[in-house]
Amino acid sequence: MLLTKKQIKRYSRQIILKKIGPIGQKKLINSSVLVVGAGGLGSPILMYLAGLGVGNIGVVDHDKVDLSNLHRQILFEVNDLKKEKSKIASIKIGKINPDVKVNYFQKKLTKKNINKIANNFNILIDGSDNFKTKFLLNDYSIKNKKILISGAINKFDGQVFTFNFKKKGSPCLRCFFQTTPSDDLLNCEADGVIGPIAGIIGSIQANEFVKETLKIGKSLCGYILIVNAFNLEFRKIKLNKRKKCICNRN
Ligand SMILES: [Zn+2]
């Protein structure tokens, strides 16, 4: 596949990067990713993936746009209120980059439907706001040897995890959380959340996607990135694989 003149122009500022180049750009065009959650994290993730030229994007979200979402979910505007998030997200992606093929799923991701929905995607990006979905994605990704880039936000805080289950030795979310924590940890409704932290964490997740897809840079796999936007602290902490974890059973 040769890049068209239009593609060369469109992606020129990233093609010029030595670590990407035309070969990297073609890889991005041929890549596929499923984004779970089209909210605070999903908004910047999807917008940057569209900009990057990722050829095939899936979006899952069961929710509708609410007025209280607009301070952080930058994909949406007042005209979108009460409309289905996944559908609006797919329309917005198409406006940013009509070359991207988008599949949207206006439903909750469950044990029953995850195989069918996630099967065709190599990399999964978690922008969900609850631990049930996070662990579902974690367990599915281990079983099916996928790459999972997981993000979480609360108040002024955020975390990013990259798990590469294609390789042996990747820890998983359950290595970190040995029991399922309460969703209060992710509760924007009760605790609040500052809009820009969604942008910071979601943007890092999109950047991790590029690195994992092109196998460039230093992988976050094996670490947790902890961001405190209030004191402006970024910490990278080693995350070891736990012996008794389900990720060690295969
Ligand atoms: Zn584990």
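Student: Leaving aside neighbours within four places in sequence, what is G195 in contact with?

Tutor: H71 and R72, once neighbours within four places in sequence are set aside. Contact means that the C-beta atoms, placed from the backbone, lie within 7 Å. One caution: this is a predicted model, where local features need pLDDT of at least 70, side-chain atom pairs count only at pLDDT 80 or more, and totals for chains, interfaces and linings use all residues. Residues are numbered from 1 along each chain as its sequence is written.

Student: Where is G195 found?

Tutor: In helix α10, residues 195–214. Helices (H or I, at least four residues) and strands (E, at least two) are DSSP runs, numbered from the N terminus.

Student: Which strands does α10 lie across?

Tutor: β1, β4, β5 (147–154), β6 (157–164) and β7 (223–228). α10 runs at about 15 degrees to β6. Axes are lines fitted to C-alpha atoms, for helices over the stretch in contact, and angles run from 0 to 180 degrees between N-to-C directions.

Student: OK, the sheet. What's the strand order?

Tutor: β3-β2-β1-β4-β5-β6-β7-β8, an open sheet of eight strands with mixed pairing. Two strands pair if DSSP finds at least two bridges between them. β3 (101–105) and β8 (233–238) are at the edges with a single partner strand each, so one side of each has no neighbour in the sheet. On average, neighbouring strands are turned by 15 degrees against each other, direction ignored.

Student: In what sense do β2 and β3 pair?

Tutor: Parallel, over five bridges. V59 stands opposite Y104 in β3.

Student: And β7 with β8?

Tutor: Antiparallel, over six bridges. I224 stands opposite I237 in β8. Their hairpin has four residues between the strands, and L232 there takes a positive phi near 50 degrees.

Student: Switching to the core. Which residues have the most contacts inside the largest nonpolar one?

Tutor: V33, V35, L46, L49, I57 and V59, in a core of 63 residues. A nonpolar core is a set of buried Ala, Val, Leu, Ile, Met, Phe, Trp, Tyr and Cys residues joined through C-beta atoms within 7 Å. α10 gives the most to this core, with eight residues. Leaving aside neighbours within four places in sequence, I57 is in contact with V33, V35, L46, L49, I93, V100 and V102.

Student: Which residues of α5 are buried?

Tutor: K85, S86, I88, A89, S90, K92 and I93. Their cover includes α4, β2 and β3.

Student: Last topic. What is the phi of K82?

Tutor: Near 70 degrees, a positive value in a residue other than glycine. Most residues other than glycine have a negative phi. K82 is found in the loop between β2 and α5. K82 counts as exposed because it has 8 C-beta neighbours inside 10 Å.

Student: And K215, where does that lie?

Tutor: In the loop between α10 and β7. K215 has a positive phi of about 55 degrees, although it is not a glycine. K215 is exposed, with 10 other C-beta atoms within 10 Å.

Note on methods:
Two residues are in contact if their C-beta atoms, placed from the backbone, lie within 7 Å. A residue is buried if 20 or more other C-beta atoms lie within 10 Å of its own, exposed if 12 or fewer, and partly exposed in between; C-beta atoms are placed from the backbone.
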